[in-house]
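Open the model in a viewer and keep the sequence panel beside it. The stops below say what to select and what is there.

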Amino acid sequence: MTQFGVQIPPQDCTLDELVTMSQRAERLGYSWVSVSDHITATLGRETVLEVSSWDAVVALAAIAANTQSVRCGLLVSTPTIRHPVTLLKAMVTLDYLSRGRVECGLGMGWLSFEHSMFGIPFPSADVRFAMLEEAVEVMTTLMSGESNSPSSGSFFRLEHPLFVPNATSGHVPPLWVGGTSQRVMELAAAKGLGWNSIILSIDKYRKINSRFAELCASHGRETSSAPVSGIVIALPDDPEIQRVYSIWRGISEKEAIDQFVTGPDVLVIERLRSLIELGLDYLILLVKAPDAEGVTEWFATQIAPFLR
């Protein structure tokens with residue numbers, strides 16, 4: 001059965017507000033709370049320098065320490081900024097802190113300016129994918145505890161890869177990859193990793209999801225062996241809330257009509273049900289902190305009960 005969650009970019013809010021939002025989501029019956037990972041705040045696909053932005057791993061630790069049951073996810077980090085070994089160490093530590101509730105997502109990275117403003121290289125898409133692929137290999141190898149042999153990749157070199165805790169401890173955070181490119185989906189399908197994407201068009205996602213199923217089959221896997229999550233922007237039928245979210249996302253009114261799942265509740269339910277029928281394990285609501293608009297509660301009380 002599809003579970004519901006919230007994705008909260010840890011920006012333009014206090015850490016107390018972020019924790020309060022997560023606790024409220026847990027009380028309302030959500031089973032997943034995740035944060036995005038950026039050095040700077042973002043407005044759509046741009047960097048916003050004057051808005052506060054918290055470190056995602058530390059923010060996730062605050063969420064994990066102050067909740068009891070929700071999965072605590074990082075969607076997604078990128079190896080262009082976080083070395084896979086230090087990221088894995090943080091995620092395993094968080095998994096202990098949360099008593100086994102952490103989910104770790106990786107992606108290619110897309111925000112070039114947050115790299116260049118701090119002198120961090122932002123290579124071509126081909127190189128970034130190669131880095132992602134290698135980071136996944138490093139993390140899965142270290143978590144398995146099966147090999148202590150040195151390895152020298154193109155980007156990450158392990159001379160004495162002894163990593164504790166590992167799989168023998170029972171605390172191995174599930175790995176996800178995020179993105180809708182053919183090669184990212186194939187990586188998830190080939191490795192049996194979770195696959196995450198932001199759904200900005202249900203019709204387009206239907207085709208992408210079908211392609212992912214084909215890729216899983218080509219690797220001899222049932223689609224169910226690679227968990228699937230989708231992030232959506234679903235909003236009440238309220239022009240002011242839609243305006244606030246359009247500004248937050250840095251898009252025009254026309255683009256908002258295409259990207260947001262909104263309108264009368266019955267229409268929102270119908271459209272989201274069509275997504276769930278594609279086999280989503282997690283339907284994750286993108287919510288603007290500190291959620292003064294009440295989107296989290298609206299979805300939990302007016303929409304979710306009719307999707308179960």
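Is glutamine 182 buried or partly exposed? The model is a predicted one. Glutamine 182 has a relative accessible area of 37%, so it counts as partly exposed.

**Stop 1: helix α6**

Stay on glutamine 182, which belongs to helix α6. Leaving aside residues up to four places away in sequence, glutamine 182 touches Arg211 and Leu215.

Now select the whole of α6, residues 182-191. Its buried residues are Val184, Met185, Leu187, Ala188 and Ala189. An α-helix has 3.6 residues a turn, so residues three or four places apart point the same way. Show what lies over the buried residues of α6: the cover includes α5, β9 (175-178), β10 (194-198) and α7 (202-218). Step past the end of the helix to glycine 192, which follows α6 and has a positive phi, near 70°.

**Stop 2**

Select β9, part of the cover over α6. Both of its faces are covered. On one side are Leu175 and Val177, on the other Trp176 and Gly178, and all of these are buried.

Toward β6, valine 177 has leucine 106 opposite it; β6 and β9 pair in the parallel sense over 3 bridges. Toward β10, tryptophan 195 is the residue opposite valine 177, and β9 and β10 run parallel, joined by 3 bridges.

**Stop 2**

To see β1 beside β12, select residues 3-7 and residues 282-286. These two strands pair in the parallel sense over 5 bridges. Glycine 5 is set opposite isoleucine 284 of β12.

**Stop 3: the loop between β5 and α3**

Which residues does threonine 78 touch, not counting those up to four places away in sequence? They are Gly107, Met108 and Gly109. Threonine 78 sits in the loop between β5 and α3. Threonine 78 counts as buried because its relative accessibility is 8%, and the cut-off for buried is under 20%. From the C-alpha of threonine 78 to that of isoleucine 241, 163 residues away along the chain, the separation is 31 Å.

**Stop 4: backbone exceptions**

Most residues other than glycine have a negative phi, and most peptide bonds are trans. The next selections depart from that.

Go back into strand β5, where valine 76 lies. The peptide bond between leucine 75 and valine 76 is cis, with omega about -15°. A cis bond also joins alanine 289 and proline 290, with omega about 5°. Proline 290 is in the loop between β12 and α11 (295-303).

Aspartate 291 is in the loop between β12 and α11 as well. Its phi is positive, near 65°. With a relative accessible area of 7%, aspartate 291 is buried.

Then move to aspartate 12, in the loop between β1 and α1 (15-27). Here phi is near 55°, again a positive value in a residue other than glycine. Aspartate 12 counts as partly exposed, at 44% relative accessibility.

**Stop 5: a patch on the surface**

Finish with the surface shown. Which residues form a nonpolar patch there? Select Ile39, Phe113, Met117 and Phe118, which together have about 340 Å² of accessible area. Methionine 117 is in the loop between α4 (112-116) and α5 (125-144). At 30% relative accessibility, methionine 117 counts as partly exposed.

Definitions and conventions
Residues numbered from 1 in each chain as written. Predicted model: local features only at pLDDT ≥ 70, side-chain atom pairs only at ≥ 80, totals over all residues. Heavy atoms only, no water. Patch = residues over 30% accessible without salt bridge, like charges linked within 9 Å, V, L, I, M, F, W, Y side chains within 5 Å. Areas by Shrake-Rupley, 256 points an atom, 1.4 Å probe, with all protein chains shown as cover. Salt bridge = Lys/Arg side-chain N within 4 Å of Asp/Glu carboxyl O. Helix = DSSP H or I, 4+ residues; strand = E, 2+ residues; numbered from the N terminus. Buried < 20%, exposed > 50% of the residue type's maximum accessible area, 1.4 Å probe, protein only. Pairing = 2+ DSSP bridges. Contact = heavy atoms within 4.5 Å.
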